[in-house]
Amino acid sequence: MRTQVCIIGGGPSGLLLGQLLHLSGIDTIVLERQSRAYVKGRIRAGVLENGTCSLLEKAGVGMRLRTEGFVHNGTFIAAAGRQFRIDFQKHTGKSVTVYGQTEVTRDLYEAREDHGGIIIDEGQHVLPCNVTTKSPYVTYEKNGATHRIDCDYVIGCDGFHGISRQTIPDAVRSEFEKVYPFGWLGVLSQTPPVSHELIYANHERGFALCSMRNENLSRYYIQTPLSDHVDHWSDSRFWDELKQRIPEAAADTLITGESLEKSIAPLRSFICEPMRWGSLFLVGDAAHIVPPTGAKGLNLAFSDVHYLSEALIAFYAGDGDEGLERYSKTALARVWKASRFSWWMTTTLHRFPDQGDFSQRMQEAEIAYLETSSAAQTALAENYVGLAF
Ligand code: APR
Ligand code: PHB
């Protein structure tokens with residue numbers, strides 16, 4: 001087989017990149033390790049930046065987003081028994097849209113299928129080869145046979161645990177990582193959201209977040225120790241703990257129900273430099289991970305897709321490879337800024353096991369400053385709705 005761009009990974013990054021390139025007449029093949037049902041069934045975050053929504057519209061997958069997404073013009077921060085609102089519209093003139101990543105992935109798969117996109121599911125032992133030459137290729141195994149795809153470029157959209165990042169030699173790769181000393185226990189429940197906007201709560205028992213998917217599907221999270229296990233958490237124990245951490249008014253009106261999904265995820269910040277090695281480009285979680293506190297994971301993956309799709313479209317249009325040459329530096333500039341914001345939100349809102357009195361007071365002062373300063377609220381708002389591409 002031969003194609004122009006071989007994309008490893010059929011998650012949000014790979015699907016959106018494939019769709020954008022297809023709309024510009026560029027041939028792609030997506031190679032995905034899991035089954036289509038597995039990928040479509042993943043439960044992930046659900047806050048889309050302004051720029052992400054525009055990109056999905058450009059890819060022709062904005063219809064359900066427009067009709068079923070919930071536009072949020074602000075968010076609530078709660079701490080020490082107080083709650084205050086950050087008004088995105090007032091500080092930035094922009095908003096975010098709450099629309100589950102599961103839905104984004106479904107919309108993208110439907111678009112790729114409608115346009116005859118080639119997505120090879122359950123391809124095993126995918127291996128990028130010859131990426132430092134102008135004739136790279138990718139091999140994979142399926143149905144007991146080994147297959148080869150010759151291409152111009154290999155794009156690693158294969159997430160944090162993929163093969164692409166490992167293809168860049170250790171001597172070339174620089175990795176920056178911070179593992180946080182806690183995780184998030186998340187619950188999805190068929191219940192009306194407790195609030196019309198998200199509530200990020202800093203509490204002495206630990207962080208909590210009240211989010212949603214639609215008017216009868218809610219998503220809640222509480223900070224848990226790294227030693228914790230989801231089997232230790234019955235639904236009733238979860239609801240009792242959540243009520244202790246969120247503002248009293250919310251706790252009093254919270255409608256609880258059976259968990260449709262319940263899982264614990266670790267929190268880490270991770271960035272790999274560079275995001276290009278010869279004919280191989282890294283996109284999304286393959287290159288960087290952010291803690292979910294800033295709701296940046298999917299949005300950051302999509303800004304990588306924006307930069308790389310523009311560069312590849314220019315190249316195949318005969319306008320040169322300057323965009324491809326600049327990709328890693330351009331993408332990393334935005335990755336580091338979004339990582340800073342995600343680290344700041346995490347550090348400001350969570351309780352750290354070894355946090356001394358001074359650090360605790362600094363956290364309280366940070367939140368008090370945020371509550372009373374328009375400048376501080378503008379800074380949070382402009383990062384949350386998404387910095388310019
Ligand atoms: N070969 C083929 N496919 C692979 C391989 C491999 N060796 N390794 C991983 N994959 C697939 C995974 O099965 C997954 O479907 O690559 C895809 C990577 O998707 P994501 O991990 O979702 O990463 P990305 O597309 O960059 O999206 C980032 O999704 O997972 C969230 O938190 C993440 O919100 C962020 C967004
Ligand atoms: C979610 O709805 O899953 C969600 C929202 C905001 C975050 C993280 C997760 O910061």
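Which residue has a polar backbone atom 2.7 Å from an oxygen atom of ligand 2? That residue is proline 292. The pair falls under the heading of a polar contact, a pair of N or O atoms within 3.5 Å; within protein, one must be able to donate a hydrogen and the other to accept it, and residues adjacent in sequence count only if both atoms are side-chain atoms.

This is a predicted model, in which local features need pLDDT of at least 70 and side-chain atom pairs count only at pLDDT 80 or more, while totals for chains, interfaces and linings use all residues. Residues are numbered from 1 along each chain as its sequence is written, chains are lettered from A and ligands numbered from 1 in the order in which they are written, and side-chain values use heavy atoms, with hydrogens and water left out.

**Ligand 2**

Around ligand 2 there are 14 residues, of which Tyr200, Ser211, Arg213, Tyr221 and Pro292 come nearest; a residue is near a molecule or strand if one of its heavy atoms lies within 4 Å of it. Arginine 213 places a polar side-chain atom 2.8 Å from an oxygen atom of ligand 2. On its own, ligand 2 has 280 Å² of accessible area, and the protein covers 99% of it; such areas come from the Shrake-Rupley method with a 1.4 Å probe, and for residues only the protein chains shown count as cover.

Strand E15 (208-214) and strand E16 (217-224) are the elements that give two or more residues to this shell. E15 has the largest share, three residues. Helices (H or I, at least four residues) and strands (E, at least two) are DSSP runs, numbered from the N terminus. By class the shell has nine nonpolar, three polar and two charged residues. Here Ala, Val, Leu, Ile, Met, Phe, Trp, Tyr, Cys and Pro count as nonpolar, Asp, Glu, Lys and Arg as charged, and the others, Gly among them, as polar.

**Ligand 1**

Ligand 1 is surrounded by 24 residues, and the closest are Ser13, Glu32, Arg42, Arg44 and Gln101.

| Residue | Atom of the residue | Distance to an oxygen atom of ligand 1 |
|---|---|---|
| Arginine 42 | polar side-chain atom | 2.9 Å |
| Arginine 44 | polar side-chain atom | 2.4 Å |
| Leucine 298 | backbone N or O atom | 3.0 Å |

Taken alone, ligand 1 exposes 700 Å², and the protein buries 89% of that. Helix H1 (12-23) and helix H10 (297-316) each supply at least two residues of the shell, and H10 gives the most, with three residues. The shell is made up of nine nonpolar, nine polar and six charged residues.

**Aromatic rings**

The whole structure holds 18 aromatic pairs. Phenylalanine 341 and tryptophan 344 form a stacked pair, because their ring centres are 6.3 Å apart and their planes stand at 25°. Rings of Phe, Tyr and Trp (its six-membered ring) pair if their centres lie within 6.5 Å; planes under 30 degrees apart count as stacked, over 60 as edge-to-face and the rest as tilted. Both residues lie in helix H11 (residues 322-349), three residues apart, about one turn of the helix. Phenylalanine 341 is buried at 1% relative accessibility, and tryptophan 344 counts as buried at 16%. Buried means under 20% relative accessible area, exposed over 50%, and partly exposed in between (1.4 Å probe, protein chains only).

One aromatic cluster consists of Phe88, Trp184, Tyr200, Phe207, Tyr221 and Tyr384.

Arginine side chains lie over two other rings. The charged end of arginine 148 is over tyrosine 137, 3.6 Å from the ring centre, and arginine 237 lies over the face of tryptophan 233, at 3.6 Å from the ring centre. A charge sits over a ring if NZ of Lys or CZ of Arg is within 6 Å of the ring centre and within 35 degrees of the ring normal.

**Backbone features**

Most residues other than glycine have a negative phi, and most peptide bonds are trans. The bond from glutamate 273 to proline 274 is cis, with omega near -5°. Proline 274 belongs to the loop between strand E17 (259-273) and strand E18 (276-277). Histidine 125, in strand E9 (residues 124-129), has a positive phi, near 50°, and is exposed at 59% relative accessibility.
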